[in-house]
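Hello,

Here is the structure I promised to pass on to you.

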Amino acid sequence: MRALVVERLAPDYAGCVVKEIPTPEPGPGEVRIRVRAAAVNFPDLMQTRGEHQHKPPIPFVGGMELSGEVDALGEGVSGFAVGDAVAAGGRGGFAEYAVLPAASLRRKPAALSFSQAAGYPVAYLTAYVAFSRIGLVQPGEWVLVHGASGGVGLAAVDYAKVLGAKVIAASASDDKLAVIRQEYAPDETVNVTGGFRERVKEITGGRGADVIYDPVGGDVFDESIRCIAFGGRILSIGFTSGRLPMLPVNIALIKGFSVHGVRAGEYGRQNPEKGRENTEAIWKLAEDGKVRPRVDAEYPLDQWREAFETLATRKVVGKTIIRPDL
């Protein structure tokens, strides 16, 4: 089979190559999937340089979210049949075939395309844990979502609306904000270039945002603590800006707000029963048609570099997908 293999860790994806490798065979309890779509996430890019906390042994095939059709069953697998449409999280999506534990598979909701299903679980699980488990967002609260045009941010906009929150979508691009307004109808949008503190206060009647969802960090975090409501919650999702911010605790003391780190996967590992509940909850949202994951662009396997660059250059609005079947 053809796969995108990381043969060595290097900048500018210099250690990555599309090549023929043996098609994997499923072992006991495993399923082989014919990959129809695999989502590109920032950790995929970071892993090619060895900069992510999870460091797979070299060589490896990246792609932590995928969807496709069951192609072969390992010994002892029940509940799936060859041809079933499934989605899964794990590793190996940037290839024509992937082998994963049967326990990690979900049936693809009919409401989602293969590309939508591939880009769904990580982003929406993050939003769900952030808002329903940690931030405890209530109907009518003002939720400021930074990085709203990215896959994780756009899922947060979508899910916050489901919860009945009043959503402010924030981005540095007016063009991206126009797409978000058209497709997700947030209550307000804010361009963060040149500052957003006063605009957020104006929108919220001087109170500030009750909840701030921040996958950006850096200067965005620094300014967010200036427009958080008293008793508000800042949810730290990541640091795509590249700078880890520092919290002046005197401001937290005066304004009575809290900062929570959100790692959806780790939350489930620390709380297995709640982790299972979280997974069930997000897939039910998709099955019921309550959320609308957005696919921005699809690329064949040979154009993996162009796909990676849509994230590296912040061009994407939603999810970028690699399609090994194209």
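The second largest pocket is lined by Met 1, Ile 21, Pro 24, Pro 59, Phe 60, Val 61, Arg 91, Gly 92, Ala 95, Tyr 97, Ala 98 and Val 99. Strand 4 (60–61) and strand 7 (97–101) are the elements that give two or more residues to this lining, and strand 7 gives the most, with three residues. By class, the lining has 10 nonpolar, one polar and one charged residues. The space in this pocket comes to about 190 Å³.

This is a predicted model, in which local features need pLDDT of at least 70 and side-chain atom pairs count only at pLDDT 80 or more, while totals for chains, interfaces and linings use all residues. Residues are numbered from 1 along each chain as its sequence is written, and side-chain values use heavy atoms, with hydrogens and water left out.

For the terms: on a 1 Å grid over the protein atoms alone, a pocket is an open set of points with protein on both sides within 12 Å along at least five of seven lines, a cavity is a set where a 1.4 Å probe fits but cannot get out, and lining residues have an atom within 4 Å of a point. Helices (H or I, at least four residues) and strands (E, at least two) are DSSP runs, numbered from the N terminus.

Now the cavities. Searching the whole structure gives two of 30 Å³ or more. The largest has a volume of about 60 Å³, and its lining includes Leu 4, Val 6, Asp 44 and Gln 47. Strand 1 (2–6) and helix 1 (42–47) each give two or more residues to that lining.

About 50 Å³ of space lies in the second largest cavity. Among the residues that line it are Tyr 124, Leu 154, Arg 292 and Lys 319. Helix 4 supplies the largest share of this lining, three residues.

Helix 4 also turns up around helix 10: the buried residues of helix 10 pack against helix 4 (151–162), strand 6 (85–89) and helix 9 (264–270), among others (contact means heavy atoms within 4.5 Å). Those buried residues (under 20% relative accessible area, 1.4 Å probe, protein chains only) are Gly 275, Asn 278, Ile 282, Trp 283, Leu 285 and Ala 286. Seen down the axis of helix 10, they fall within an arc of 150 degrees, so they line one face of the helix (the arc is that of the directions from the helix axis to the C-beta atoms). After helix 10 comes Gly 289, with a positive phi near 70 degrees.

Best wishes

Key. Grid points are joined across faces, edges and corners, and a volume is the space filled by probe spheres set on the points. Ala, Val, Leu, Ile, Met, Phe, Trp, Tyr, Cys and Pro count as nonpolar, Asp, Glu, Lys and Arg as charged, and the others, Gly among them, as polar. Buried means under 20% relative accessible area, exposed over 50%, partly exposed in between (1.4 Å probe, protein chains only).
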